[in-house]
Amino acid sequence: MMALGTLLRKPPLPPGSCRAFWGWLNAVFNKVDHERIRAVGPDRAASEWLLRCGALVRYQGSPKWQQDYNALPTGPLGRYKIEAINATDSCIMYRGFDYLDGLEHVTDIRLEKCMYIQDQCLQRLSETNNLQKSLQQLKIISCGNVTDKGILALHKLANLEYLYLSDLPGIREKETTFRVLQQALPKLELELDLE
């Protein structure tokens, strides 16, 4: 009886080992597959990446958010165009942002509670040519690694009409940051919920 109890007891995990495993797995989910992008098109490949990472996508002409990877719509190449991305609680990270390059119809992105979103991601987002033309609304909420530098990088999103920022403790120079951003994007409606 004692031997069975000994066998069933699990040795304690070293501190941080679970976090390291999930970090590794999230990095794997974000690895860009350029062959897949060529094979199925940028919108399908980006949909697969986003859903794999726990985000949602909405296609042009559809009110429904796509959340099930296994129920992604099929059809002719290029038929479904991503119009909106909701990355709430997702594990998207800089490593996967190459998937955004071919998206031409994205008008709305929500980044909420994304632990891997940081300044580098916002800079990459704002340097994506297609998003500079199409993105109209951006919401960044509770992304603790975002600082003033990341918000200032958004000035390249020339067609951005609405920016909502909330619970971003890394933003320290609020007034200066928002004044500079407002000067770069005079048509921008900026809504803030920051302490």
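Tutor: The largest pocket holds about 180 Å³ of space. This is a predicted model, where local features need pLDDT of at least 70, side-chain atom pairs count only at pLDDT 80 or more, and totals for chains, interfaces and linings use all residues. Residues are numbered from 1 along each chain as its sequence is written, and side-chain values use heavy atoms, with hydrogens and water left out.

Student: What makes a set of points a pocket?

Tutor: The grid is 1 Å, over the protein atoms alone, and the probe is 1.4 Å. A cavity is a set of points where the probe fits but cannot get out; a pocket is an open set with protein on both sides within 12 Å along at least five of seven lines. Points are joined across faces, edges and corners, and the volume is the space filled by probe spheres set on them.

Student: Which residues line the largest pocket?

Tutor: Lining residues have an atom within 4 Å of a point. There are 15, with Val 40, Arg 44, Pro 73, Gly 75 and Pro 76 nearest the centre. Helix H4 (residues 42–52) gives the most, four residues. Helices (H or I, at least four residues) and strands (E, at least two) are DSSP runs, numbered from the N terminus.

Student: Why is Cys 53 called buried?

Tutor: Buried means under 20% relative accessible area, exposed over 50%, partly exposed in between (1.4 Å probe, protein chains only). Cys 53 is at 5%, so it counts as buried. Cys 121, at 0%, is buried too.

Student: Is Arg 58 buried or exposed?

Tutor: Its value is 17%, so Arg 58 counts as buried. Arg 58 sits in strand E1 (residues 56–59). Beyond neighbours within four places in sequence, its contacts (heavy atoms within 4.5 Å) include Trp 65, Ile 82 and Glu 83.

Student: What makes the phi of Asp 89 worth a look?

Tutor: Most residues other than glycine have a negative phi. Phi of Asp 89 is near 60 degrees, a positive value. Asp 89 lies in the loop between strand E3 (82–86) and strand E4 (108–112). At 53%, Asp 89 counts as exposed.

Student: How exposed is Lys 113?

Tutor: Lys 113 has 45%, so it is partly exposed. Its phi is also positive, near 55 degrees.
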